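The following report concerns the structure shown below.

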Amino acid sequence: KVKVATLSDIHSFKEYQQVYNDIAKKIEDEDDFDVDGSAGPNLVRLAWHSAGTYDKYDKNPHTNGGSYGGTMRFSKEGGDGANNGLAKGREFLEPLLKKYTWLSHGDLWTLAGVVAIQEMGGPKIKWRPGRKDLSEEYQAPNGKLPDAAQGPDYVRKFFNRLDFTDREMVALIGAHTLGRCHVTSSGYDGPWDFAPTMFDNGFFTQLQKGVGSGEGQWHLRKWDGPEQYEDNNSNSLMMLPADMALVQDPKFKKIVDEFAASQEAFFNEFAPAFQKLLESGIHFPKESKELVFRTLDEQS
Ligand code: CCH
């Protein structure tokens with residue numbers, strides 16, 4: 001096996017909590033990273049795109065993706081159109097690699113996603129270290145990240161490739177409560193809810209209303225950009241076609257309604273699914289400890 005995690009007792013929990021704290025403080029200090037301020041949303045997307053290339057049907061460790069090898073640092077994977085905008089997050093984290101020379105890119109990027117979610121009010125995410133940098137030959141092929149223009153069948157098939165259930169995939173896409181689309185990165189434009197630096201169930205409460213002419217509902221935006229939805233109330237929020245897929249499919253819609261009604265149900269599904277995402281394609285020895293970090297608030 002190639003993608004085997006090294007055991008976490010080489011570096012102590014305290015050391016990883018220190019890295020956590022450094023990332024969290026840097027997010028807090030550099031509050032002009034993006035339109036909404038925080039680097040957090042970009043870092044969550046970086047963590048997800050580092051892992052989301054995984055293909056469970058591909059048995060070749062050179063091409064089957066996942067977060068282990070930190071291969072987005074190379075130009076082919078880094079230059080995949082789906083990763084536009086993420087160089088900024090990688091550069092933001094670069095000083096941490098200088099300070100903690102023993103840290104791999106894969107561990108840093110996945111840990112930064114965990115930091116961002118927890119610091120923005122999301123659930124605790126169990127995290128395990130042990131990823132190692134791999135060479136260029138381990139870059140996943142381009143085109144392994146999802147196409148936002150697609151509907152329910154595509155979304156289900158895409159996330160099945162990563163081994164996720166309906167509930168897990170709906171929960172994961174709930175991360176769109178964070179951040180926004182940037183015309184310069186994806187061609188799409190705007191945030192999904194009114195609190196893009198707060199991890200809550202806001203994505204689902206907005207999405208739930210569906211397409212129509214009613215209060216808070218969604219219509220296709222009239223513009224020169226790619227097809228996307230805009231809300232009737234403020235005309236300032238957005239949904240991707242692949243987001244809208246979650247209310248078009250009746251099985252997905254039931255889950256959206258559940259998460260819109262209960263943030264707790266959303267968090268309970270999201271946390272283990274996000275851990276699973278970050279560990280896709282990696283073998284963790286059974287002695288590997290799951291680390292749960294304290295937020296800066298909890299330590300003050
Ligand atoms: Fe996403 N996402 N995502 N997404 N995403 C975008 C931005 C973020 C899709 C498309 C897009 C997940 C699933 C999907 C985040 C987290 C997750 C953008 C705009 C597109 C397009 C990029 C830009 O312009 O900057 C599609 C399609 C899917 C699945 O079908 C999952 C899963 C996660 C995490 C668990 C976050 C966070 C952002 C905001 C980034 C930022 O910079 O604000």
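Lys144 and Asp55 form a salt bridge in which the closest N and O atoms are 2.7 Å apart; the term denotes a side-chain nitrogen of Lys or Arg within 4 Å of a carboxyl oxygen of Asp or Glu. The structure is a predicted model, in which local features need pLDDT of at least 70, side-chain atom pairs count only at pLDDT 80 or more, and totals for chains, interfaces and linings use all residues. Residues are numbered from 1 along each chain as its sequence is written, and side-chain values use heavy atoms, with hydrogens and water left out.

**Salt bridges**

Helices (H or I, at least four residues) and strands (E, at least two) are DSSP runs, numbered from the N terminus. Both Lys144 and Asp55 are buried, where buried means under 20% relative accessible area, exposed over 50%, and partly exposed in between (1.4 Å probe, protein chains only).

In the whole structure, 16 salt bridges are found. The table lists three of them.

| Pair | N to O distance |
|---|---|
| Lys144 and Asp55 | 2.7 Å |
| Asp249 and Arg156 | 3.1 Å |
| Glu230 and Arg221 | 3.9 Å |

Asp249 lies in the loop between helix H9 (241-248) and helix H10 (250-261) while Arg156 belongs to helix H6, so this pair ties together parts that are 93 residues apart in sequence. Asp249 counts as buried because its relative accessibility is 12%. Arg156 is likewise buried, with a relative accessible area of 18%. A network of salt bridges links Arg156, Asp166 and Asp249.

**Domains and cores**

The domain assignment divides the protein chain into domain 1 (8-145 + 275-299) and domain 2 (152-264); such bounds come from an automatic or database domain assignment. The C-alpha centres of domain 1 and domain 2 lie 24 Å apart. At the boundary, 27 residues of domain 1 are in contact with 19 residues of domain 2, contact being heavy atoms within 4.5 Å.

A nonpolar core is a set of buried Ala, Val, Leu, Ile, Met, Phe, Trp, Tyr and Cys residues joined through side-chain atoms within 4.5 Å. The largest such core has 82 residues, of which Ile23, Leu43, Phe159, Phe270 and Phe274 touch the most other members. Helix H11 (residues 263-278) gives the most to this core, with nine residues. At least three residues of the core come from each of domain 1 and domain 2. A second, separate core has six residues, among them Ala5, Tyr68, Ile282 and Phe284.

Leaving aside residues up to four places away in sequence, Leu43 touches Ile23, Ile27, Gly89, Phe92, Leu93, Ala112, Gly113 and Ala116.

Leu296 lies in helix H12 (residues 296-299) and is buried, with a relative accessible area of 15%. Leu296 and Glu119 are 177 residues apart in sequence, yet 7.4 Å apart in space, C-alpha to C-alpha. With residues up to four places away in sequence not counted, Leu296 touches Tyr20, Asn21, Ala24, Lys25, Glu28 and Glu119.

The buried residues of H7 are Glu168, Met169, Val170, Ala171, Leu172 and Ile173, and what covers them includes H6, helix H8 (202-207), H9, H10 and H11.

His176 is found in the loop between helix H7 (166-173) and strand E1 (180-181). The iron atom of the ligand has a single donor from the protein, NE2 of His176, at 2.1 Å. Donors are N, O and S atoms within 2.8 Å of the metal (3.2 Å for Na, K and Ca); water is not among the atoms, so sites may look incomplete.

**The sheet**

Three strands form an open sheet in the order E3-E4-E5, with antiparallel pairing. Two strands pair if DSSP finds at least two bridges between them. Strand E3 (218-220) and strand E5 (238-239) are the edge strands, each pairing on one side only. E3 and strand E4 (residues 229-231) run antiparallel and are joined by three bridges. His219 stands opposite Glu230 in E4.
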